[in-house]
Protein chains: 4
Amino acid sequence: MKNLKLASRETHERTAVTVAGIEVGRNFAVIAGPCSVESEEQVLETARAVKAAGANMFRGGAFKPRTSPYAFQGLGMRGLRILAKARQETGLPIVTEVIDPRDVCWVAEFADVLQIGTRNMQNFSLLKEVGKSNRPVLLKRGMYSTLEEWLNCAEYILSEGNPDVILCERGIRTFETYTRNTLDLSAVPAIKELTHLPIIIDPTHSTGRISLIGPMSLAAVAAGADGLIIEVHHNPSEALCDADQALTPDTFADLMSRLRTLKSFLDQQPCRGDR
Amino acid sequence: MKNLKLASRETHERTAVTVAGIEVGRNFAVIAGPCSVESEEQVLETARAVKAAGANMFRGGAFKPRTSPYAFQGLGMRGLRILAKARQETGLPIVTEVIDPRDVCWVAEFADVLQIGTRNMQNFSLLKEVGKSNRPVLLKRGMYSTLEEWLNCAEYILSEGNPDVILCERGIRTFETYTRNTLDLSAVPAIKELTHLPIIIDPTHSTGRISLIGPMSLAAVAAGADGLIIEVHHNPSEALCDADQALTPDTFADLMSRLRTLKSFLDQQPCRGDR
Amino acid sequence: MKNLKLASRETHERTAVTVAGIEVGRNFAVIAGPCSVESEEQVLETARAVKAAGANMFRGGAFKPRTSPYAFQGLGMRGLRILAKARQETGLPIVTEVIDPRDVCWVAEFADVLQIGTRNMQNFSLLKEVGKSNRPVLLKRGMYSTLEEWLNCAEYILSEGNPDVILCERGIRTFETYTRNTLDLSAVPAIKELTHLPIIIDPTHSTGRISLIGPMSLAAVAAGADGLIIEVHHNPSEALCDADQALTPDTFADLMSRLRTLKSFLDQQPCRGDR
Amino acid sequence: MKNLKLASRETHERTAVTVAGIEVGRNFAVIAGPCSVESEEQVLETARAVKAAGANMFRGGAFKPRTSPYAFQGLGMRGLRILAKARQETGLPIVTEVIDPRDVCWVAEFADVLQIGTRNMQNFSLLKEVGKSNRPVLLKRGMYSTLEEWLNCAEYILSEGNPDVILCERGIRTFETYTRNTLDLSAVPAIKELTHLPIIIDPTHSTGRISLIGPMSLAAVAAGADGLIIEVHHNPSEALCDADQALTPDTFADLMSRLRTLKSFLDQQPCRGDR
């Protein structure tokens, strides 16, 4: 693919990105947690629940890029402190979004993985800054972006010296209105033939419908994805954002058990070239 | 969903569409064969191969809706006779496209399933005509169409008295250029909550890339699809259309074995409400 | 452009399509009238009004391709008779849609121009049939179609022997929801560099908003369009379809006066190569 | 429109944004110049030419957001100094892009208008920062963004205290490949009914084709746009970016003369409510 150097499949066979001992690309990653950090109680309760269900990373937003300037923008530093407490209690590494290049350096002290959101995929100043940090980066696909543009954004990060990029497909914008976006699951095998970087799937923001999260998570596993990022809220009806697409801890635990069964079945199959 | 009556989930729990003893919606359907009927030798050789690999229906186009009037338009009646011979020899029921309402009545004498292609999804005269026939209809999603529009097209067929509609997601048109179209796999669980009709997936035309067909077929099974339609050609490099996206019989046989293993594993899992 | 022969700019400099003495491509065409024929009174009253305002063709649908089978499908033959009466009274030639290849031959006896709607752009059987008729064809762009695909559909008609094709840009499907579709006005100069056929604009169906019809009509004239097709209803609030996007006769008359002024101003400008 | 306060049409009738004496929204703005600042000679020569042709602002990028990290990224500070020289010599105010919130404060010392590019439309940190500056902001529409999202980004700037936002439609991403993007000209009247802010059109980046720039510029004037931003390069074939879409000074001068003629004709027409 044009212009790709460090991100190209030709340079490495496969990269595993290590996050607190989890080798993403070798170990299946399940990142779960609420859309935004709202309170200590909410975060700790949800973190305990997703840990118990088998998630191996915790997500939560302290900085929320919202369409309207009048919508809840996140708790900022206070939110990061709550996330740190959740890590301390559960041992789960923390994935959290950073939206301003000036924040990268201190957010990196709280976060185990720095998330670049879909609206910032081509925020090149931000990419360069996380490229200079020593934290793995979760790079979400722009909702309007081609695979080529996305991989070039990974290249921005890699070329600054940070080799640890995890790609995340989160749906692209189409004319369909039944789902929030259209999950492009074919990005999983496509990305795997273009780059050595791991790729995970976000079934929550792509579909925007609780009923579709389970089937799309199983499909992602079957397609060869390296992990999932799923919104879980201890009390979805009271969530400050995305209230209607977060799983409850119980539904999440049920999904986790099905994912584990499917994953361990697939891992026992003889290896084939095209996977 | 607005205006849906006969196609609505509210009217039935699940419909199985019976094609030559195969209950689509209960039995997993694998429809395989070449894009277009080119010769008797090509069709018979491919039909034997896909039968041996475990496909339970055979596809082949005698009428090809092509972008240019100067491209190969199919063998017409002669192609249908070749398809009939393939059925006679292999016992596989025949799925073939009809593109003109005047042809429905006699094509239905050769075909076991009448296919409506993506460009004709809203060809309402054609829909009404297949709605009056006594053959099951494979209704492909328009590459530009919402789920609501698609289901309303099924409603056109049902409202003429034909209850046997199989839906087929074959990719929607987006800005992405790496794949031919974007496979909207979330349509599988979405359709299952909106209608009682079965839905199958076309991984060939949606991705347009041989390397993506395997992973997307497995993902379709995991997402709960009722079947697949896959292009197979005994000699892809000589195919008169879509030469670069047909599987060889060998690759297809390998895929079938993986699909069977996955499908039988999933069928053993305890039933869950959201599937 | 690939595969284009008869439609290519290279074969002719410019084609004017003659409709009842109006040379579309040389004379500016304004086609006005209701979405569908509902009654004789409605049609005659609207036809008189648009004639008085300066329209030079009358439109009205007797066959309506509707999303739902339960929506009003048009008056059929009875609608065509009403349209013929309107022509008799006003002298305006009639533009009406045909949706079934079996109808082309007798609809052509009532219509001066056969319209192919956006959903039927790639209904190749229908294209071939209108290609065999001796009536000019108004070929709307598929809402999902590229310029290349559209011109190949014109080629289908031309290659059957009918040289009289008028192209009509009517909006493409995008993610924007404020407008019904997105009017691709750049198609006007693009089409003019690719083909010798005339192109008109449909500001009604592309925008779906009365307030945008005036500005987009003026813009179409400035971009070099050869005409417009505009929905006018003598009593929009009672229209059986598209009630909220039809102009009243008064608003239409006002727009016509502005269009005439702009058009005659532009026609006085010295000729320049890139127009 | 949901959430809009300061940007809403309901709060003001019309805003004129004053840039060095030009009241954008009342005076027609023509912003011309190269994609990127390459050298003093290139900038000065082009600036003199566009000034002579009648442009009233000069554009040039010192910071270039490029798909690949290995593409030319702009001259930075050195580029800004060259732009300042062009202003000094020609008197034309300078429009230049800022891509990092840390740069806003010092770029604002060189620029008369701060441009936010399409990839940064939802870079909320950057929006807040330009909202705190005392420079007018040219806010390009995201190539994937709805009118509602775009206006909410204007609201981000206004809500920080900066009332001077000029909107710029530059094409949206669709499936069409003949043009670089699809110019959504209907955004002009749509924006005018939703907000009091002025809106200009970028015919260069939307179409990506020199031959379409003239017709789309005239169409923009007819649709009621408040200005245009056009790429001009003194030697397009040697441009470091977008070489094939910049006008030569001569072509630009010819276009300006046609624009002036059309604009002064339209200004003489009696005022009508829907414009």
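**View 1. The buried residues of helix 8 of chain B.** Buried along helix 8 of chain B are Leu212(B), Ile213(B), Gly214(B), Pro215(B), Met216(B), Ser217(B), Leu218(B), Ala219(B), Ala220(B), Val221(B), Ala222(B) and Ala223(B). Here a residue is buried if 20 or more other C-beta atoms lie within 10 Å of its own, exposed if 12 or fewer, and partly exposed in between, with C-beta atoms placed from the backbone. Helices are DSSP runs of H or I with at least four residues, numbered from the N terminus. This is a predicted model, in which local features need pLDDT of at least 70 and side-chain atom pairs count only at pLDDT 80 or more, while totals for chains, interfaces and linings use all residues. Residues are numbered from 1 along each chain as its sequence is written, and chains are lettered from A and ligands numbered from 1 in the order in which they are written. Twelve of the 14 residues of this helix are buried, so the rest of the structure largely encloses it.

**View 2. The length and the end of helix 8 of chain B.** Take residues 210–223 of chain B: at 1.5 Å a residue, these 14 residues should span 20 Å, and the end C-alpha atoms agree, sitting 20 Å apart. The expected span is 1.5 Å times one less than the number of residues. Just past the helix, Gly224(B) takes a positive phi of about 105°.

**View 3. The axis relating chains A and B.**

**View 4. Where chain A touches chain B.** This contact takes 36 residues from chain A and 36 residues from chain B, counting two residues as in contact if their C-beta atoms, placed from the backbone, lie within 7 Å. On the chain A side, helix 6 (187–194), helix 8 (210–223) and helix 9 (249–268) each supply at least two residues. Helix 8 of chain A gives the most, with ten residues.

**View 5. Where chain B touches chain C.** Here 24 residues come from chain B and 24 residues from chain C. On the chain B side, helix 4 (124–132) and helix 5 (147–158) are the elements giving two or more residues. Helix 5 of chain B has the largest share, four residues.
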